Amino acid sequence: RGLGDVYKRQVIILIMIYGVKSTVKKLFLYTLCCVLIFQLWYFNSGKNEIYYIPLQYVAIKLLLIFQKNKETVILPGSCAFEIAAFVKYFIMPVSFIFIDSYPIMIGSDPNEDSFSLAIFLTLYEMLLIYLCRYLYIRKHSSSIVPLNRNLSKDSKRIFIQNYSVWFLFLFCIFTLLLVISPKLVFPDFYLLNDKGENSSKMIPFFSIIGGWWKYLFYIVMINFLGYRYSAKHEKKYFCLAILLFLFSTYLILGTSRWAIIFHFVVTFYLFRIIFNRTLVKKLLVFVPLFVCLFFLITIYKFQNDLGSDYSLINFADLFVSQLQDYFSGPSLIGHAIDMGHKYNITFETCWNDFVGAIPVLSKTVDQMNRTNILFNQYVISPDTEWFTQIIPATGLGYIYFGSMFAPIFTVAFNILGLHFDYKLLNTSNLFVKYVLIYCSLWGGLSICFNTQIPFGNVVVYIFPLYLFYRLFSKLTIKLA
């Protein structure tokens, strides 16, 4: 089949996946609502106001069903947002019904008043995000149909053409990275006999270049295989693409679960564009593998946290606490509120947060005067050297702008992700789609992070890919 037919199927396939009949959706959500009401009346664990979060979530989803708007979950960033929202606004608070407390992995419980305010801010955040998303979709949804009907069948607009330039560039960078340290390219666990220093600490800038190389290597090779497949439609190119996918997964393999999830989502989306639909379905066999890999990494992390106290009950308690830690739960927002009352945080700290996320410019700011550093010092101890716990973006907004504008960062990043989702439909170029998917995913998942994580990843790793594309798009090498 031609690439034009593949593009015409983009929205149709996603609607088939997510377009469950309205009556089934209503029945499911009404059931969830009844379960929540039952829990509110028959279980009393001391902080029942937290159950207003899933109740409001169910109410919003019911309202959206009655609006008959089909575009909210048909794109990568929107799908990521809906999954994250379901976990944050439903799974996480409901999971507390089975335990006696509202644990977080580190620190003690926040002040009671701060916790109540954190629940209100979470409700406020949810309401604003869904309202802004609804208004944005209502304004731009009419642009979806013509964009998918008029996509070009010309492969020159879909794939990059100057492969000789890209291959030469990638080979030179690969050689340079290997000379400096193999850890810049390959996972550390493969190089057990490497006695050198950790590459990320040894040469931070080259560590970033190593990240660029992995992204560029994958998208350039996918472009090349897709270009060859569009010309000959031979299954061998799909098989080679599968091997490329597995090898690139190995390159990014580590303890970062987000990297693995993003890589699979991006791959599935690109394969669905390039290859025959029947062939792409075969990629779904890797879903159980990635799920197992995700949980193995989770168990590995939990074993380090629990140590000798590892048991199924402790694992479950830690898992619930991790939901708050990874999805910016109300306890963390409550701690951020308490921290804002204790420390005198100024605009300089806000500036340091954004500039400090950019490696080269980070040396120009005071790294210890950043909200994430202050947050960990407040939650753990003033002399802690462990700064991995992130401060929720809504808590950060409260510190800077007060209750009324507390969700400003979360809403802004989320709408940007939705904007990139729609931009994704406005381009046929595979390389640009690759960049836009990552931007939309970081925006859609911004409800789980602080401001530094999505901003830093997009600016440091994703945006430079687009600059490389613009730089090399006009370059060619004439071979004799």
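1. Basis. The model is predicted: local features need pLDDT of at least 70, side-chain atom pairs count only at pLDDT 80 or more, and totals for chains, interfaces and linings use all residues. Residues are numbered from 1 along each chain as its sequence is written, and side-chain values use heavy atoms, with hydrogens and water left out.

2. Whole chain. The protein chain has 23 helices and zero strands (DSSP runs, numbered from the N terminus: helices are H or I, at least four residues; strands are E, at least two). Of its 480 residues, 52% are buried (under 20% relative accessible area; 1.4 Å probe, protein chains only). Among contacts (heavy atoms within 4.5 Å) with a separation of 6 or more, 76% join residues 24 or more positions apart.

3. P407. This residue sits in the loop between α20 (393-401) and α21 (408-424). P407 is buried, at 1% relative accessible area. Setting aside neighbours within four places in sequence, P407 contacts Y124, E125, L128 and T394. P407 and M126 lie 281 residues apart in sequence, yet 8.8 Å apart in space, C-alpha to C-alpha.

4. N414. Helix α21 holds N414. N414 is buried too, with 0% relative accessibility. Its side chain makes a polar contact with the side chain of R133 at 2.8 Å (a pair of N or O atoms within 3.5 Å; within protein, one must be able to donate a hydrogen and the other to accept it, and residues adjacent in sequence count only if both atoms are side-chain atoms). Beyond residues up to four places away in sequence, N414 touches F81, I129, R133, G443, G444, S446 and I447.

Terms used: Buried means under 20% relative accessible area, exposed over 50%, partly exposed in between (1.4 Å probe, protein chains only).
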